[in-house]
Amino acid sequence: MNTIIESINRAVEEAKSRCAAAKSQADIESVRIDYLGRNGLFPELSRQMGTIPAEERRETGAAFNTGRTAIQQAMDEAVARFTGSASNDDIIDITLPGRRQCVGRKHPISRLAEECVAIFRRMGFIAVDGPEIESIYHNFDALNTPMDHPSRDPQDTFYFPDGRILRSQTSPVQIRVMETHEPPVRIVAPGRVFRRDTPDATHGMNFHQIEGLYVDKNVSMADLKSVLQDFAREMFGQDVRIRLRPHFFPFTEPSVEYDFSCVVCGGKGCNVCKHSGWIEIAGAGMVDPQVFRNVGYDPEVWSGYAFGLGIERLAMLRFHIPDLRFLYENDVRFLEQF
Ligand code: DAH
């Protein structure tokens, strides 16, 4: 490419952007003067044409003509903007259907997690966060989990090669809070947890919990029960009942599992509650003295309760979702209902 062709190409670009930016017919006229006018660039280039080697002349001549036409066209289009004879492309067809604005919304799990946190906040709990990649110490050891406890099995928990894990519960956040704060503490910790479960209607490999922890002097099981009861009523209305069943967790003593009466069928039995009238929400209990010792709290002075809530379980109850796999498939027909 010779210098004349380069000048032509540059001039076309410049002229086009000047035409596009033109605010009046006078602006367009000045484009004409600069490029096509008698003392403009194109007549000048035409005079230089004689200086180029014969074998380039054909190509240069063609570039000259195309360039000049392109500039003329850009000017014509710009003029049309001012005279009102714009091309059809610019006309708005008011008979076309409008474009729908798709407004995003919160995922039901996020919505429910926020609602839970809001309820607990009104009861005086503070929301905290913890890491999803955890140490074995925080997820198991400090929570008093025996070495042979099945939850430690690599068939149940995801291990990284470096020995860290994907947390299998939100309970390690209890440890992290107590390690760094003096009692009293009153926290909830919502978050994602991971287990090597085979996904089915009520289990996923990756689900959500809210952990609760209250440590103070003279905390009792009655306090635990009342906070769970209040929570259930705030979330589902006055008619919901709760039931505590004795259970075992390494980090609480005594431990319970607790259920909410099924709000879908009112406790009569349906698909959602597997015809039992109750939905298992998670576990709870009084913090084991050994856990207090592990974080440096004196169990003779401090007492506390802890609880976990499965957010998916609450979502199933709250939104009448029969299968929690719907929550992860990102099918907009499902998500649009929230
Ligand atoms: N971390 C338990 C689980 O994932 C749930 C749980 C039970 C949490 C008892 C607690 C608790 O805080 O006290 O199954």
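**The histidine loops**

Modeller: Histidine 275 lies in the loop between strand 7 and strand 8 (278–287). Strands here are DSSP E runs of at least two residues and helices are H or I runs of at least four, numbered from the N terminus. This is a predicted model, where local features need pLDDT of at least 70, side-chain atom pairs count only at pLDDT 80 or more, and totals for chains, interfaces and linings use all residues. Residues are numbered from 1 along each chain as its sequence is written, and side-chain values use heavy atoms, with hydrogens and water left out.

Biologist: Is histidine 275 buried or exposed?
Modeller: Histidine 275 is exposed, at 57% relative accessible area. Buried means under 20%, exposed over 50% and partly exposed in between, using a 1.4 Å probe and protein chains only. The phi of histidine 275 is near 60°, which is positive in a residue other than glycine.

Biologist: And what is the phi of histidine 320?
Modeller: Near 55°, a positive value in a residue other than glycine. Histidine 320 sits in the loop between helix 10 (311–319) and helix 11 (332–335), and counts as partly exposed at 46% relative accessibility.

Biologist: Switching to prolines: which peptide bond at proline 184 is cis?
Modeller: The bond from proline 183 to proline 184, with omega near 0°. Proline 184 is in the loop between helix 7 (172–180) and strand 4 (185–194). The bond from glutamate 253 to proline 254 is cis too, with omega near -5°, and proline 254 is in strand 7 (residues 252–261).

Biologist: Now the rings. How many aromatic pairs are there?
Modeller: The whole structure has 15 aromatic pairs. In tyrosine 258 and phenylalanine 260, the ring centres are 6.1 Å apart and the planes are at 40°, so this pair is tilted. Rings of Phe, Tyr and Trp (its six-membered ring) pair if their centres lie within 6.5 Å; planes under 30 degrees apart are stacked, over 60 edge-to-face and the rest tilted. Tyrosine 258 and phenylalanine 260 are both buried.

Biologist: Which residues do ring pairs link into a cluster?
Modeller: Phe120, Phe125, Tyr214, Phe231, Phe236, Tyr258, Phe260, Tyr305 and Phe307.

Biologist: Where does the charged end of arginine 186 sit?
Modeller: Over the ring of phenylalanine 125, 5.8 Å from its centre. Arginine 186 also lies over the face of tyrosine 214, at 4.6 Å from the ring centre. The test is NZ of Lys or CZ of Arg within 6 Å of the ring centre and within 35 degrees of the ring normal.
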